[in-house]
Amino acid sequence: MDIVDYAQHLMALERMLKEAHSLCLDKNYMDAGRLTYDIIDEARKLSMCLHYMDAQENSLKKIAN
């Protein structure tokens, strides 16, 4: 995982949040509610990506020292 993966997850979250917002404006709350599960899943993937990137950075710092 790298910055490209991070960016892809962030863009996917943005797209899904815009879609959920649009569904709410159309008062389509059932579909918006279902979409929140996808948003939560994508946020979890983003979190794991950040954790992995942080672990990689810390590992490289230990090697450098």
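Q: Before we start on this predicted model, what does "buried" mean here?
A: A residue is called buried when its relative accessible area is under 20%, exposed when that area is over 50%, and partly exposed in between.

Q: OK, so which residues in α2 are buried?
A: In this predicted model, the buried residues of α2 are Ala32, Leu35, Ile39, Glu42, Leu46 and Cys49, and what covers them includes α1, which runs over residues 3–25.

Q: Why would residues three or four places apart point the same way?
A: An α-helix has 3.6 residues a turn, so residues with that spacing point the same way.

Q: What about Glu42, which residues is it in contact with?
A: Leaving aside neighbours within four places in sequence, Glu42 is in contact with His9, Ala12, Leu13 and Met16.

Q: Are the cysteines buried or exposed, say Cys49?
A: Cys49 counts as buried because its relative accessibility is 0%, whereas Cys24 counts as partly exposed because its value is 36%.

Q: What does the secondary structure come to overall?
A: The protein has two helices and zero strands; helix α2 covers residues 29–64 and reaches 52 Å from its first C-alpha to its last, close to the 52 Å expected.

Q: And what is the radius of gyration?
A: The protein has 16 Å, while a compact globule of 65 residues would be near 11 Å, and the C-alpha atoms fill a box of roughly 55 × 15 × 10 Å along the principal axes.

Methods
Residues numbered from 1 in each chain as written. Predicted model: local features only at pLDDT ≥ 70, side-chain atom pairs only at ≥ 80, totals over all residues. Heavy atoms only, no water. Helix = DSSP H or I, 4+ residues; strand = E, 2+ residues; numbered from the N terminus. Expected span 1.5 Å × (residues − 1). Buried < 20%, exposed > 50% of the residue type's maximum accessible area, 1.4 Å probe, protein only. Contact = heavy atoms within 4.5 Å. Rg over C-alpha atoms; globule rule 2.2 N^0.38 Å.
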